[in-house]
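Please look over the fold and the charged side-chain pairs of the protein shown below.

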Amino acid sequence: MTIDIQEILGFLPHRYPFLLIDRITEFEPRKRCVAIKNVTINEPFFQGHFPGHPIMPGVLVIEAMAQAGGIIMMHELPDRHEKLVVFTGIERAKFRQQVVPGDQLRIEINVLAFRTRAGRIEGKAYVDGKMACEAVLTCAVVQRETEEKPPAAKPATSDSNVAAMAEAAAAVTSTE
């Protein structure tokens, strides 16, 4: 099963310039996926990271992994338009080589633990068959804040979402 950019936009709330995956080339619900990110010089972060020597920030490679993992989570939620998948942990992150304009990042995600409210994934990102980055990520599914609130309203990490994140993270990490 493949997922094109239009379908990705239906799963994830991310939009330009922060949507960091272009296509899902392989997808097995609750198990794994392979995503592609085409890295171009037009990415806004290259203006400052680094002038004259553009390198994709490692945290954005990890974010791309998280977005691919988020699709696995969101795929299983019938009310996905009311939910967000947020980080609760990053472990064992290793950066093996630089990602630069012109590279195609192949992101492989394997599910280590899956619950409807939380997940734990292993992500690996490759460029030309060589590992660029790897990490274990945990996440929680939280209620999306409504857009009707005024700008001064509670941030997305409201007390109920913080409690839900902590509970979900504990549930996922206790399975090991």
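The report below covers the overall fold and then the salt bridges.

This is a predicted model, in which local features need pLDDT of at least 70 and side-chain atom pairs count only at pLDDT 80 or more, while totals for chains, interfaces and linings use all residues. Residues are numbered from 1 along each chain as its sequence is written, and side-chain values use heavy atoms, with hydrogens and water left out.

The protein chain contains three helices and six strands, where helices (H or I, at least four residues) and strands (E, at least two) are DSSP runs numbered from the N terminus. Their order from the N terminus is α-β-β-α-β-β-β-β-α. Of the 176 residues in the protein chain, 42% are buried; buried means under 20% relative accessible area, exposed over 50%, and partly exposed in between (1.4 Å probe, protein chains only).

The structure holds 10 salt bridges, each defined as a side-chain nitrogen of Lys or Arg within 4 Å of a carboxyl oxygen of Asp or Glu. The table lists some of them.

| Pair | Closest N and O atoms |
|---|---|
| E76 and R30 | 3.3 Å |
| R92 and E91 | 3.8 Å |
| R120 and E91 | 2.8 Å |

E91 is partly exposed at 26% relative accessible area, whereas R92 is exposed at 56% and R120 is buried at 4%.
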